[in-house]
Amino acid sequence: MIKLDIGCGGNKQEGFIGIDCRALPGIDIIHDLEVFPWPVESESVITAIASHVVEHIKPWFSIPFMEEVWRILVDGGTFAVATPYPGSRGFWQDPTHCNGWNEATWQYFDPRYPLYFIYQPKPWKILKGFPVWQSNGNIEVILEKVTNAEELIKEAHKEAEESNTLGIAVAETVKSKEALV
């Protein structure tokens, strides 16, 4: 199993294999990230990271890019992404930024959200607590590769039912306390 730093440029993380379209020192795989498949074996990556990469991917390659990362990850493998928030100074300063990803964008890849059913790409699970917006204008997310979208959907329905029950119980408690006043 390998750890892959996607679009690492000259900043490859220690312990990772680096893939980038530029022939920079330390790059292990020189390849255009918008040409699929990548020269990486299927299900050979346990962790992938992409720091300030997805905003450079042409929008019409967004889903194929995510599906390529899905292909190379093992089931349960994680994909950590950091990108400038769309409209932020960091997003607009670079003339090669062409693709804004916000909190809702990730929902197109997670079957627990209605937006997933527009394109129905390979399924991911947005890990709890993400995406996170940073005060420096970046947004970060960690996704987990899942192979059984139906199971994830059932889990989401169960959580929704439990939260609805909790909501009714809270409303009834508030109502009964108001009656005492």
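Is His 52 buried, partly exposed or exposed? With a relative accessible area of 32%, His 52 is partly exposed, where buried means under 20% relative accessible area, exposed means over 50% and partly exposed lies in between, computed with a 1.4 Å probe on protein chains only.

This is a predicted model, in which local features need pLDDT of at least 70 and side-chain atom pairs count only at pLDDT 80 or more, while totals for chains, interfaces and linings use all residues. Residues are numbered from 1 along each chain as its sequence is written, and side-chain values use heavy atoms, with hydrogens and water left out.

**Overall architecture**

- The protein holds 4 helices and 8 strands, taken as DSSP runs numbered from the N terminus (helices are H or I with at least four residues, strands are E with at least two).
- Along the sequence, these elements follow the pattern β-β-β-β-α-β-α-α-β-β-β-α.
- A box of roughly 75 × 35 × 30 Å, taken along the principal axes, is filled by the C-alpha atoms of the protein.
- Of the 181 residues in the protein, 36% are buried.
- Among contacts with a separation of 6 or more, 58% are accounted for by residues 24 or more positions apart, a contact being heavy atoms within 4.5 Å.

**Surface and charge**

- The accessible surface comes to about 10400 Å², and 56% of this surface belongs to carbon and sulfur atoms; the areas come from the Shrake-Rupley method with a 1.4 Å probe, and for residues only the protein chains shown count as cover.
- There are 15 positive and 25 negative side chains, and the centres of the two sets lie 3 Å apart.
- In that count Lys and Arg are positive and Asp and Glu negative, with His and the chain ends not counted, and each charge is placed at NZ of Lys, CZ of Arg, CG of Asp or CD of Glu.

**Cysteines**

- The structure holds 0 disulfides, a disulfide being a pair of cysteine sulfur atoms within 2.5 Å.
- Cys 21 is in no disulfide, and the nearest cysteine sulfur, that of Cys 8, is 10 Å away.
- Cys 98 is likewise in no disulfide, with the nearest cysteine sulfur, that of Cys 21, 12 Å away, and Cys 98 is partly exposed at a relative accessible area of 37%.

**Loops and backbone geometry**

- His 52 lies in the loop between β4 and α1, and its phi is near 60°, a positive value in a residue other than glycine.
- Glu 43, in the loop between β3 and β4, also has a positive phi, near 50°, in a residue other than glycine, and Glu 43 is partly exposed with a relative accessible area of 49%.
- The peptide bond from Phe 36 to Pro 37 is cis, with omega near 0°, and Pro 37 is placed in the loop between β3 (29–30) and β4.
- A cis peptide bond, with omega near 0°, also runs from Phe 130 to Pro 131, and Pro 131 lies in the loop between β6 and β7 (132–133).
- Gly 10 lies in the loop between β1 and β2 (17–20) and counts as exposed at 70% relative accessibility.
- Gly 100, found in the loop between α2 (89–93) and α3 (116–119), is partly exposed with a relative accessible area of 35%, and, not counting residues up to four places away in sequence, Gly 100 touches Pro 86, Phe 91 and Thr 105.
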